[in-house]
Every structure is written in C-alpha cells, then in structure tokens.
Amino acid sequence: MPFPIMNQVQAAQQTPKHYGITSPISLALPKESDRVLTQKLTEALKPFGVFEEELELQRRILVLGKLNTLVKEWIHEISESKNIPASLIDNVGGKIFTFGSYRLGVHTKGADIDALCVAPRHVERSDFFSSFYDKLKEQEEVKDLRAVEEAFVPVIKLSFDGIEIDILFARLALQTIPENLDLRDDSLLKNLDIRCIRSLNGCRVTDEILHLVPNIENFRLTLRAIKLWAKRHNIYSNILGFLGGVSWAMLVARTCQLYPNAVASTLVHKFFLVFSKWEWPNPVLLKQPEDCNLNLPVWDPRVTPSDRYHLMPIITPAYPQQNSTYNVSVSTRNIMVEEFKQGLAITDEILQNKADWSKLFEAPNFFQKYKHYIVLLASASTEKQHLEWVGLVESKIRILVGNLEKNEFITLAHVNPQSFPGPKEGNDKEEFSTMWVIGIDFKKMEGSEHLNVDLTFDIQSFTDTVYRQAITSKMFEPDMKITAMHVKRKQLHQLLPDLVILKRRKASSPLPLFCFHSTEGLRAMNDSSVDLSLDSDNSMSMPSPTGASSSATVTKSGHSASPHGSTGTTASLDSQGKADTSVGTAPVGAQGPTAHLVELKSSSSGNTTSSPPLMGPPAGKRPGSPLQADKNKKIKIEGESTSEEKASAQTEGQTSAEPEQAAVEGEVKSEAEPTELGTEEQPPAQKISGTELSDVPLLPANPIPVVKNSIKLRLSR
C-alpha cells in the first residue's frame, strides 16, 4: 500500500540529523526560564574577561591577515628559488589555518593564537625554520621571535603586534594549496612525515568538533562557562594530569550531542549530570573511530595493551584518534569527579533559583583544603635558564603525583595547577624561582599507635628523573635546583602570605626545607605580587572577576592543546606525555650542608576520600616506608639526636600546639646529606640506607655534587 510507504518516507525526511555515537537523551526545546537563565549566565561570565571586545577581535583578524600574506609571499619566493614553472607559481598558494580556543571561538582576552602554516610539497620544513624565520625577523611588528625546531611538534613562537602566536608547519603532498582546502580530508595525510601529521592534528580535531555539535553558539557559551569553572577550581591543566582545553571542549561537545536542542544554562547543568555519573574508564567518543588504512597508531584498547590502562579516556574525533587525557592519574580523576558532583549540586540550586551563577565560579581555597602539603621549588640563576627549567619540572610533576598516590598511606595527591613566584633568599645572589603546591590526604589510622610514612623514595625518584632528563637533553646548568619540603596548612602563610589568611595568627614553627642545595629556613618572602601564570590550553590561568584588565603581572607559558603533546620546549623533553620512570642523578650546583634533623608536629587531613579501584594495571600500593621493618633501629637513631635538635623540637611542639580536628598526628623528620659522585665512602654518620635512595645506573661524565634527601612522617592516632 503506497500510503503507509509515503508516511515512512516523509517521517525519514523529517528525522533530525543524528549527532554522536548514540541517540540523544532528550530533544526537549528550551523554555523561557531556560533562556532567562542563559542570559544571567552570560552576565555572570562578563566580569571574568572571557569575552573579547569587538575591537580586539578585529585586531586579531588583521594580524592573521598580515601573517597569511607573509606566508604567500614567502612560498612565492621559495618557488622561484626552486625553479618552479612560472605558470604554477602564481597559483601555488599557501595558507594560515587556526586551531585551539581561537578557532573554537572561545578565546579570552589576551589569549594566544595557535596557527598552522600549510605549504605545497616543494617547500621543506627546513625552509620554514630558516627563510620564513628570517622573513619574520624583518617585520617591525614581530617581537620575541624564537624557534623550537626539535620539539615533539616543531613550532615558531612570536609576538605579532602584541598578540602571542604559535605557528606550526605542515607540508602537504600537493602541488598547490587551494583557498578552500578542507583539512578534515583524511587523504591529505598520505605520504606525510609524522611531524606534519602531528602539526595537522590540532586543526583537524578542532574542525571536527565544530562539525559534530548541533548548535555552535550554544556550544561556545557552554564551553566558556565550563573552562572558567575548571580554571577557578584548579582542574585545568593537561600537563599536570587534569584536562586541557581540547579535552574540556570534547566533553562539552558530547553534552551538546546528548541534548541537541538545549540552551547553555541547561547544557552546563547536564554537563555536570552526565560526567558526575559517567562510568570511567568507558571512553568519551564524539564519533565512531574510522580506520583510513594509513598504518598510523590510534587509540584502541583491543590492539594496544597500554591503552587499556587509561583512566579517563577522551578520544579525539579526527584520524589518527588519540586519547587526549593520557596524563590523568587516580588522584586527578578522583578530584575531577568530586568537582563534577559539587558542580551538579550547585547548578541544581541555580535552576531552582536558590543560587546565582556566581556561586558556580567561586574559587575554593585550595590552601585550606588539606592539612599536609608538599611544596616544590624550581630555581635557576638566569631568566632564560629558569624558563627552560620550570618547563621541564612542570612536565614531570605528574610523576611525583603518581609516586605519592602509590604510597600505601596516601589516599590523594592534589597538585594546584597555579604556579607562584618562589620566596627570595637572604643572600644577594640573583635567583629566579617558581613554586608549586601539592595537597596530601593521608589514610585514617586504624589499629596502630604509630606509623612511619617515608616519602624519601617518592621525592627522590621524581628529582632523579628530572635531573636525568635535563642532563640527557643537555639543558642542565649547575645553578638549576629543585627544593622539596613538607608544610603544614598553618605554615603556608610563610610562603603564600597574599593568598592564605589563617584564622589564628599563632607563632608557627620554621619550615623544614628538604632540598638539594640548602637546608636553611626561608628568609625574606616576596610579598609584592603573585604570578598567576597565563597558559594556553594545556595549562591554566586563574581569572579574577574584574571589569578592567588585571594589574597583576602575568607570564606566558608555551604549552599547546594538541593531544599529542606540547608544541613548546617542554614537548621536546617529554614527547609522548607519558610518565618517564627512569631514575638518575640529582645534580646541583653547590655543596649541601651537613646532615641534620628537623622535627615538626603535624596532623593528617581529615578530608580523606577513598580511592576507587584502579582502572589500570594491578600495580597496587607501594609500601610507604622501609622504616616499619626497622622500627627499633629508627627509635635508637632518634635517641642519638643532639640536645640542640631536641630543644628545637620541644620548642616547636609548644608553638604548634594549636588544636585541629584531625584523626592523626605526626612528626616530620628531614635529613639532607651531601655526597659527591666518584668520591670516597661517606663517613658512617652521614650514610643513608640503600633502600631509601633510588639506584643510579648511569652517571654523568663529570662528577656532580649531590645531596640526597629524606622526608619521613611519623603518624600516630
């Protein structure tokens, strides 16, 4: 019968376009109240500077136009020098594409632009880093020009008329580059070297995301809100094991696919609803993966065993598909899931008109959240060395977090993605330093009066890895140092006086400094300003709700949103973004002081969260202390400490007797011992047990002074 058949055809024609790998959860249209809440959301976002003014946007467009003209001129000159026929030269083309937050349309005031220079097959990568670099150098508007040719994704960085731009390069197997070139075409990847494929990946992923969402404007406003929320809640940093810009964009895009007709206010609420209940490690996919038979490695746990151990996989939609969240650890996933749940509770209140959107963007006080913190300080003698050193140390901090969370007595290690300027030392020597703070949750004690928790191996293997990488990449300088220290919550005001306002101003004990160059207490603090580092999509900045531009000094970090790794210097040091588990030497530039003991009363955090089972290899928890097997010996050693040390410990115990609601109390002992590679055996008094120090299978050619460190906590009920 034709009538029912016609109905079926008409029904098929009226079926809306299907987005994503599953059908939508809801096709409900927005109500008037939803539109009102969306307008309120827009107003709540404005004070944080997430919207760029039209004048600034036009300036960016003008700069990109100039850059595109330079690329065409350069390719024309290269074509002439390589004797390309005149008939082809006029049409040879060449083009600048953008990707990342600018291409998505969610860039903030002062954000950088990620760009890709696409050239025809006769233009070599060496030409890009030589003749095009020289052409840029000739431009008056270009400042701070630098090339990172050996990076995992090679890049030229520059400031063009005050706008920071990172330019990648891709050489396609085409005679000419047409103006309407669609980089999503998989056939473009044929016969390309791996560096060009990596460089193309950012544009291809960004373009796919925009083609996979039902309403781009709703997607953009929702993504602006989620990115601001993530930055305010200290969970925006791919390099430190949270999520970077491209990962947040894919989570928001998946939410838009599930609720294709919803407006931004509803989508923000549904975002928290979906991902607070998501059953990780089930992957988030925007489309079914496709195999283009180009033999490129793709994320596939059925084929690649290591992919089965990813804890929070979010898969890029463009071939070759990759997991953009390979850095996520047990701790960082737990932190993010908990934040999703809190975001759901707040947006529930907002939708019921019990709270305003401003509540969602309130920044929690990270420095009041935990009772124990590990503070890392990276320092160097010159600004250039400091930038390189900080980039390397930051790229490896996730290894320290991984080490700490494997300790059987630690339930959570939470690194704050914000970095801060380090304290000034008392000497006159100029030094540049950057500081990171890691919150620690210890397990609640059961069934034992005392428990020794040894963090020596956790800290030492991390610093060994950093120093070994620095030596291997030939960037190490004698004045590059890492300092690690354990700090109680009530002592943080000595390091962060502008950020931590304690309820009580009691005298607190001096901070114990466990480091590789000095064990003296911290001296004059730099109270003048706090460096809220402004990063690109891989890292985070902390926006403040101010109408005018912030007066705080900000520094630019060159990380990229590419799921393959950074486009800056750090990417060349850690190309795959995977944990480098090799251990090595811990070189420093100066001899350390003699060994001594500092005791510090401390309490473990009552704010503990139980870890879910690890969705990965059955590594299990590493025993936290070799001291448990040697308890009697340790007690004997403690009894031999000098009278001066005992007196200082007693004084400290009195000054830090502030009552805290905690299940655990503890003592912290620090030992710093100088050794020199290639020297005679240490005196017995300065020996450290071999079980407390990582092995050093390979040594540098020249002897480097080394100070091994030890951080030990005695926790008692």
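Student: Why does Phe272 count as buried?

Tutor: Phe272 has 0% relative accessibility, and buried means under 20% relative accessible area, exposed over 50% and partly exposed in between, with a 1.4 Å probe and protein chains only; Phe272 therefore counts as buried. This is a predicted model, in which local features need pLDDT of at least 70, side-chain atom pairs count only at pLDDT 80 or more, and totals for chains, interfaces and linings use all residues. Residues are numbered from 1 along each chain as its sequence is written, and side-chain values use heavy atoms, with hydrogens and water left out.

Student: What makes the pair of Trp229 and Trp248 edge-to-face?

Tutor: Rings of Phe, Tyr and Trp (its six-membered ring) pair if their centres lie within 6.5 Å; planes under 30 degrees apart count as stacked, over 60 as edge-to-face and the rest as tilted. The ring centres of Trp229 and Trp248 are 6.1 Å apart and the planes stand at 90°, so the pair is edge-to-face. Trp229 lies in helix H8 (residues 216-232) and Trp248 in helix H9, so the pair ties together parts that are 19 residues apart in sequence. Helices here are DSSP runs (H or I, at least four residues), numbered from the N terminus. Both Trp229 and Trp248 are buried.

Student: Which type of aromatic pair do Phe271 and Phe272 form?

Tutor: Phe271 and Phe272 form an edge-to-face pair, with 5.3 Å from centre to centre and 85° between the planes. One aromatic cluster includes Trp229, Trp248, Phe271 and Phe272.

Student: Why is Val466 called buried, and which residues does Val466 contact?

Tutor: Val466 has 0% relative accessibility and therefore counts as buried. Contact means heavy atoms within 4.5 Å; leaving aside neighbours within four places in sequence, Val466 is in contact with Trp389, Leu392, Val393, Lys396 and Ile482. Val466 is found in helix H14 (residues 456-472). The C-alpha atoms of Val466 and Leu392 are separated by 7.1 Å, although these residues are 74 residues apart along the chain.

Conventions: Helices (H or I, at least four residues) and strands (E, at least two) are DSSP runs, numbered from the N terminus.
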